[in-house]
Amino acid sequence: NSSELGSSSFILASIPGLESSHSWLASLLCCLYVLAVGSNCAVLLVVRLEPSLHTPMYLFLCMLAAIDLALCSCTVPRALCFYWFQSSEISFGACLLQLFLIHSLSAMESSVLLAMALDRYVAICHPLRHAAILSTATTARIGLLAMARGVLFFLPLPLLLLPLPFCSSRLLSHTFCLHQDVMNLACASTTPSLVYGLTAILLVMGLDALLICLSYLLILRAVLGLPLWRERLRAFSTCVAHLCVVLAFYVPLIGLSVVHRFGKDLAPLVHITMGNVYILVPAVVNPIIYGVRSKEIQRRIL
């Protein structure tokens with residue numbers, strides 16, 4: 001006896017057996033959210049107030065911080081309402097808006113990480129031309145291009161889900177909405193949505209990851225061409241922070257994709273944990289990584 005729910009609502013996932021611990025889970029999630037907001041706002045403020053930091057690397061870092069703030073703010077407050085006030089339903093429209101924001105902001109973050117890899121490549125391989133190639137105007141245009149790319153590639157996702165009927169089960173796998181999660185609940189053919197979603201991910205995140213790897217191969221070749229090991233270590237050490245940020249973004253992304261693809265029989269705890277790791281880990285660790293690696297940011301914060 002399945003009934004078409006159409007554009008009603010979905011049910012956010014809960015962890016069976018841990019309903020009594022929702023307040024503790026919410027407190028942990030809230031602490032991580034406050035840490036993410038505070039640290040990313042600190043990065044934005046420091047770069048804004050310190051003229052010496054108005055360089056492409058730190059401007060891209062500001063873009064990354066702004067994206068992380070937006071990504072956390074469109075997911076964590078709704079999850080806190082779920083844990084604290086047992087508000088488990090999310091309307092169809094709000095769910096589509098949330099999944100669009102999550103995927104488009106993730107695409108923007110991937111684009112900015114690629115731009116930061118380009119910045120490191122130019123700084124190491126063409127240091128004398130760095131200011132000319134990556135001027136402030138060029139950096140701003142790259143930021144606008146990253147934003148437009150994320151919106152244009154992932155705007156069709158909610159539009160493809162909009163006309164689908166949703167039958168019987170409305171239970172999501174996370175405390176927020178993701179495209180594949182919502183798509184699996186439809187009781188009609190989802191082939192167009194599946195094909196487009198996979199294509200968009202490959203053309204954005206997949207291509208970005210490939211180009212980042214290519215840029216680091218070129219950087220590694222240039223670094224190994226230096227005569228002294230001390231010079232090689234000094235040159236490559238400027239890339240350590242960016243490499244850590246790239247891993248902090250792509251490892252949870254790949255892990256969440258694997259769980260969605262092959263982990264349908266896994267416990268709900270795994271799905272919810274991987275989802276929260278994907279949303280919160282980059283936002284929490286990115287400013288900490290750059291704060292530890294950048295003496296300029298440390299000095300200004302102190």
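**View 1. Seven annotated spans.** The UniProt annotation "transmembrane region", from an unreviewed entry, covers residues 24-46, 58-85, 91-118, 139-162, 194-219, 240-263 and 269-292. UniProt positions are given here in the numbering of this structure with feature names shortened, and such annotations may be inferred rather than shown by experiment. This is a predicted model, in which local features need pLDDT of at least 70 and side-chain atom pairs count only at pLDDT 80 or more, while totals for chains, interfaces and linings use all residues. Residues are numbered from 1 along each chain as its sequence is written, and side-chain values use heavy atoms, with hydrogens and water left out. Take residues 139-162: their end C-alpha atoms lie 36 Å apart, and the span is 92% helix and 0% strand. For residues 194-219, the end C-alpha atoms lie 36 Å apart, with 100% helix and 0% strand. Helices (H or I, at least four residues) and strands (E, at least two) are DSSP runs, numbered from the N terminus.

**View 2. The disulfide of Cys-95 and Cys-177.** A search of the whole structure turns up one disulfide, a term used for a pair of cysteine sulfur atoms within 2.5 Å. Here the sulfur atoms of Cys-95 and Cys-177 are 2.0 Å apart. The torsion about their S-S bond is about -120 degrees, so the disulfide is left-handed. Cys-95 lies in helix H4 and Cys-177 in the loop between helix H7 (156-161) and helix H8 (179-183), so the pair ties together parts that are 82 residues apart in sequence. Both Cys-95 and Cys-177 are buried; buried means under 20% relative accessible area, exposed over 50%, and partly exposed in between (1.4 Å probe, protein chains only).

View 3. Cys-125 is in no disulfide, and its nearest cysteine sulfur, that of Cys-239, is 8.8 Å away. Cys-125 is partly exposed, with a relative accessible area of 22%. Cys-239, at 0% relative accessibility, counts as buried.

**View 4. A meeting of phenylalanine rings.** The structure holds five aromatic pairs; rings of Phe, Tyr and Trp (its six-membered ring) pair if their centres lie within 6.5 Å, and planes under 30 degrees apart count as stacked, over 60 as edge-to-face and the rest as tilted. In one of these pairs, Phe-10 and Phe-92 have ring centres 5.9 Å apart and planes at 35 degrees, so the pair is tilted. Since Phe-10 is in strand E1 (residues 9-11) and Phe-92 in helix H4 (residues 92-125), the pair ties together parts that are 82 residues apart in sequence. Phe-10 is buried at 1% relative accessibility, and Phe-92 is buried at 4%. Together with Phe-166, Phe-10 and Phe-92 form one aromatic cluster.

**View 5. Inside the largest nonpolar core.** Of the 82 residues in this core, Phe-10, Leu-113, Leu-172 and Val-182 touch the most other members. H4 gives the most to the core, with 14 residues. A nonpolar core is a set of buried Ala, Val, Leu, Ile, Met, Phe, Trp, Tyr and Cys residues joined through side-chain atoms within 4.5 Å. Not counting residues up to four places away in sequence, the contacts (heavy atoms within 4.5 Å) of Leu-172 include Phe-10, Cys-95, Cys-177 and Val-182.

**View 6. A charge over a ring.** The charged end of Arg-232 sits over the ring of Trp-229, 4.6 Å from its centre. This description applies if NZ of Lys or CZ of Arg is within 6 Å of the ring centre and within 35 degrees of the ring normal.
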